[in-house]
Each structure stands twice: as C-alpha cells, then as structure tokens.
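Keep the sequence and the 3D view side by side.

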Amino acid sequence: MNNRHLYVLATLLVSVGLGVFLYKTLRLDFPLSPEAASDAWEVEVKIEFEAQGDPVRAELRVPASRTSLPILNEYFVSRGFGLTTTRADNQRLAIWSRRQPEGLQTLYYRALVEMRKSADPVSGGRAPEIEKPRLGGADRLAAAAILDEARQKSADLDTLVAQLAQRFENPAASDEHVALLLHRRSSARERVARVVELLAMADFPARSVHGIHMAQLGGGSAEMSHWIEVWDQDRWKVYEGVTGAPGDIRDYLIFWRGAGQLVNVEGGDHLSWTITMESVQLGGLSAAASRERLFSPDLWAFSLSSLPLATQNVYRILLLVPIGAFVILIMRNVVGFKTFGTFMPVLIALAFRETHLLAGIILFSVLVALGLTIRFYLDRLKLLLVPRLAAVLIVVILLMLIVSIVCHRLGIESGLSVALFPMVIITMTIERMSIVWEERGPREAVQEGVGSLIAATLAFAAMSWKPLTHLITTFPELLLVLLAITLLLGRYSGYRLLELRRFKVLAGKAD
Amino acid sequence: MLGLARRLRTAGVLGINQRNAEFIAAWNPRHRYPLVDDKLLTKQLAVQAGIAVPELYGVIEIEHQIRELGTLLAQHGEFVIKPAHGSGGVGILVITGRIRKLFRKASGDFITQEELDHHISNTLSGLFSLGGAQDKALIEARVHFDPIFESVTYQGVPDVRIIVFRGVPVMAMVRLPTRASDGKANLHQGAIGAGIDLGTGRTLTAVCGNDVVSEHPDTHQPITGVEIPNWQTLLNIAARCHDLTQLGYVGVDLVLDRVRGPLMLELNARPGLNIQIANRCGLLTRLQVVDKEIGQLHTIEDRVGFAMREFAVASA
C-alpha cells in the first residue's frame, strides 16, 4: 500500500482547509470565539422638504465602503419615489425622483457601518493637477497676504495647514483679509474651502472632504465635519478642518469630496436634513459574514451564510455530525470500545442535544430496557425476522408515547423530548442487544450497551462544546482538516488502548 | 502505557488495526470473500480439490422447502444444521439423535419438529448471517471427533484453527468446548484455546477467557502435552486451503473425525487474534519471516516443512 499518496492527499486537504481558515480569520476578521461582538453604528440621514406638485429630483451623496469602515448594509426609504444609485468619479450618488409630489416629503438613507480599527490600503498614484483659484483684485491681495504670513509662521506642511485653518477659524476682529475672503458667509464648509484655495495658491494640491467623525460622536444627532486632504509627495494627508491638526481618517465616514452639497433638491423648498447615529449590537459573526459578502463576493457565494436561514440552521446541526463521527472513530479504532452499530451513538448524541444529557441517558435506558423486555416476550412467539422488527418498532413508538404522557402527567417536561430519539435506531439497538444477550450472555450485552452510551455521551460533549461548534459552523473548511486526520487514522496500525490490556500477558517483563 | 505498547511491539504482537490494514486489506482481495463467507461454496470448492469435509445431506434455500425437511431427515438419526453465512459459531444446531418425534440436541435437551422448523426459518431470514441478509441452511453429517480430545472436551466438537499466511501455516490452536461455552468451540463464548507447537502438533499452554489454565475446568484433565495425530496432514490441508481461495491471510478450521480423519469445517477471512494469547506468542514476527522467505517456498511441501522447522517451539 502506497502511503505517500495518502500523505500528499492529507497535506493537500490540510493546506486548503487551513488556508481558507486563515484567510477568513486574518483578512476578514472572522471571530474565533462565539462571544466576540463588533463595533457597529447605524447612520441615518433624514431629508425633509416641501413639494408643490412639480417634478422633484433629490440627490444625496452617500458614503462608499472602505476597509476601515465597511458599510455592511444600507437602506433607502421613501414613499412613492423612484430610486437610482450611481457612481461617478468615485462618488456614490443616490437619486430619488417623483413626478408630482405635494406637501412635506421625507426621505431616509440608513447605513450599517462597522468600525474596525484597521488601516486602509495606501492608495498611490500620481500627484493631482493643481487648480489655481480664480480670485480677482482685492480677494487676490488678501489671499496673498494671509498666505505670506502663514508661511512666515510655519516650518512645514503640517504647520502651514494649522496656521491657515486656525486663522480662518478664529479671526481677530481686526483681520480684514479674512473678513474680505469669507464675505461674511462663515460656515465651516466655506472656511475649509478657502483654506483649500490658499493651499492651491501655495502649489499644494488640496481638496476638502465632508463626512462625520464617528469616533468623536456618541449616539444621537451627528454634525457634518469638513476636513482637508493635501497631497504630500506620494499620498493624501488628512487634516481636521477646524484645528488644522492631522486627522485620523480611519473612523471618519466620508460622504463626499470637493465642492457641492450633501443634498440637492430640484423642485422642492424648505430643504432640511439631519444625520443621526446609533450604536448597534451586532454579533461578530454576522458582521464578518457581511464583510465577506462585501470584500470576497466569490467566497461568500459559496459559504454557509449565503443560504436561507432555515437551511443554515439545518447545516449547523449537520456540520456537527462529523465531529461526533470522529469521536466514534477515536473510541472504536484507537481506544477499542465496542458500540452497537457504527454511528448509532452519533444519532443518540444528536437526540441528547434536545433532551439534555441526563434526561437523555435516562430516557434512552428506560426505552431500551422496556423494549428489550417486550422483545424477549416476542421471542417466545417464534416470529419471522422482519415482522418481529416491525413489531418492535411499533412497540418502541408506543413506549415513546407512553413515556411522554406519563412524564407530562408527572410534570417532568423533559420527558416529552423522548419523541426526538431516532426510533428506527432504537429498534435496531434493541434487536442487536437481544441477539448479543442470547448469544454471548447478558454481561456482554450490557457492556456493549453501556459502551454505546459512553460513546454517545462523549460525542455529545464534543458536539455541544461551544468553541468547537463555533469553529466548525463558522469555518466549515476545517472539516477538510478533520477529513485529513480521519484518512490518516484510516492507516493507523498501532494497538488499540484496550488491546494493551488484552495482550498484556504477551508483553513479557518490564525492563 | 506507551512502555506496554513498545513491549508488545517487541514481542511481535499483532493488533486489530494492523491486522486489518496490513494483512487483511492487503492480502485478502474483496472478491474472494464470498468463497469463505458462504460455507456452501467453500464446501463445494474443497470437494472439487479433494479436501475432506463433513458430508452434506442437503440445503434448504427457501421457506417452502422446510416442509420437505421430514423426508430429507428421515434417513439420518444425527445431523448438524448451520447457516451458510453464519459467523462465530452462531446458529449452529447439533442433533445427536431422536426419540419418537423429538430431536435430541448436543446438550441433551429435546426439541420438537416445530422448533427445528422455526430455527431453519430464522436461518433463512438472515437472523444468524452477517448483515442480516437472506441465507441458506446447510444440513450436514455430525462429526464424531477423535478420542484424542475426549478427556478435555465438555460436549461439542473441539476444532483446530490454523492461521495460514501466503500459504504458510504460521500459528495453530485447538479450541475445546466447556460447559460455559455451551458446547461451542468459540473462545469469546468461554471455550478454551490451547496453543499448538507447529513442529510436533503437541498442545502448549491454554487460556480460558484471559486466564491461563492448565487443566480443563469441567473434566479436570491436563490440557498441555496432548499430541494431535497426523499433524503434518492437517498442515497440508491448511496450506491447500490457501491455494483454493487465494486469500493471503486466512484462518482454517479443521476437526478430527474418528473415522474419516481431518475434515475441513470452514475458512475465515478475518481470523481473530486470541490465538496469540493461546500460544503466548505474537503473530507479527512470524508473518514477517514468511514475508521474507516466501520466494524460496514453491510447493505445499516446502511451505509446510518450512513452518514445522521455523515455528517449532524449542523443547526446553
């Protein structure tokens, strides 16, 4: 027998299984323990305006997913509006439109955003072209004066940006240059736009960024904050708009870049919008599954979480069967336990999941003991094999019914779950046990029965051990590793543990 | 624990896993199993090859034939009924005589014709066969065993089990029924197993269950040192059974008939490992020796001679 073939196959299975597993844990951050929860927020933009019966077109600039702030889910809520989403120049745009709305209109955009303190991949690229602002006359002079002064007081890009931002943010009462440039329209967005213009004059490619700084906000209503991005040699550097200090963009949800408004409405008046944020309890697993769908759609398409929920639940149980089977394999081929039927204990263990362990063992023992008694009685009638099996099956089901009713009467609710035992398996167990009983004596029959129960208990313990079940249901690819070990054990030719005792007399003296 | 495993390995003890993986799976081709699993086929094969077997009186294959049982059995006062696909001695019914309408079992109890019919019907429906498949019932001559084992047998028929690897007998034991085994010659049912010196055919130590015994628990006669007559003939038959079935690792069960001499009872493609305990000796070392030397052993006589020479117990 060529063992190398087996080793190659096993290595292959292990590397594929572990490879997918590592990709999912390291890249997609699948949680290794079931308790891990993720930091998620629900961001809601509410837009309200009055319509007068004219065609309405409302545009909202919506954020795009990033590695550090993936959007796990988003909803667009509106009544009677048609919705299209477009993406142009790396800007996502949601457009609601309606022919003849009247009265107050409300539109919602809701995004489920996860905060993962991981860095975004550095986007390289060429330096963007500088768009020199077209300023005329007095404005131009004022801008040049502000820029000169800021240059005097700064040493590098960071300090230059800080100087400019702070001068526009807190102008001295006598600062006419600033007053001239801002034209008394002093919104935060305007101030950031001026800073960007001045930076362009100083030959620094810059642009404004508009979004919400999630880290600084608790729940409730969120302020739009306006930041500045400046191209520094090979990448964009980010500065907070108010202070001009370097900003951390990892928890900054970007709605749009450059000029423009968050919301544009044609055909409506009295536009207002609010942004609110709310912390959401999101299991680590569902967050990871959504991330998988976002970043590796191919992997997701072939994963458990792409199935309908009901089917998923079936597989959550089915995926446990290999664990049980593996326990049985160890018990039989490495320890040397005798059980009734190869995988009967696995099915009993599955039933234990519903009945709970102690009640399960008691119910199983009662059922088998009663069934055996009846089986011994039937033996005296000298029935043929198949009719006898059918008779025992009928009796087993009647016994299950009686046990349920009696337990219910006595108020022992766990007795009701007896119906979950696989009755055909129990019937076969009773039949096999009675044959062993007759041929090899009660001792061997009870021994094998107890052996089966112990194996079932161990299989149950393994199948209900949370960390293990979580690993298998989250990473079904680990079954490949289990398969590899199983294949290797298939060529295990060492002694079984119980054989050591059996052949002890042959071992000779210890030296 | 590991130390014990290492000592067993040094003693050349063969474990179940190793037997299954390296000997049964490697040397017994699947398609040859039916030859030994169906005792009727084995018997026909042996008769063709001129190996003596207990005489076959008849075969019951379908329920309907049970009605003709009476006429079939009319001329036989004693007989044995066994399932064609039985294993481990299960379902074998030995009738030693009859009084009027009753049949006397080996144990001395009597059963009626009706109970006999039911037993055969159970056999046909597969109660005693591996996997519960439909089966046949063989009715054959009862063996009158050689008086050599008279003193160390309680009812039943003692039989000789010889393990044959690639045509070379490697280990043998005689299985002696006890009261506990209900006259059956199966070790797990309580029969005694006594190792046999391959060189001389003389019995060595004996085990009952996992205990070493020196005398039969029911008859209190010494078991060790009984010499089996025509030992070389038995080894010859065993070696020929390998050629017959082409099974590389096979257990051959023989009985000694008082009149007809050694008869082949059945073959086993998955012989048990208790024979090692009965002989107080590991199998693995002997199997490896055979594996190495098989190239030089061409004829049956070569192989039997090799076994008698190589696996003889040095007289101390």
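This is a predicted model: local features need pLDDT of at least 70, side-chain atom pairs count only at pLDDT 80 or more; totals for chains, interfaces and linings use all residues.

Residues are numbered from 1 along each chain as its sequence is written, chains are lettered from A and ligands numbered from 1 in the order written, and side-chain values use heavy atoms, without hydrogens and water.

Start with the largest nonpolar core, which has 76 residues. Such a core is a set of buried Ala, Val, Leu, Ile, Met, Phe, Trp, Tyr and Cys residues joined through side-chain atoms within 4.5 Å; buried means under 20% relative accessible area, exposed over 50%, partly exposed in between (1.4 Å probe, protein chains only). B:Ile162, B:Trp231 and B:Met264 are among those with the most contacts inside it. Helix 7 of chain B gives the largest share, eight residues. Helices are DSSP runs of H or I, at least four residues, and strands are runs of E, at least two, numbered from the N terminus. Another core, of 47 residues, lies apart and includes A:Phe30 and A:Cys407.

Now the loops. B:Asn230 sits between strand 11 (211-213) and helix 7 (231-245) of chain B. Its phi is positive, about 55°, yet it is not a glycine. B:Gln246 lies between helix 7 and strand 12 (249-257). Its phi is also positive, near 60°. B:Gln246 counts as partly exposed because its relative accessibility is 43%.

In chain A, A:Pro55 occupies the loop between strand 1 (37-52) and strand 2 (56-62). A:Pro55 and A:Gly267 are 212 residues apart in sequence, but 6.1 Å apart in space, C-alpha to C-alpha.
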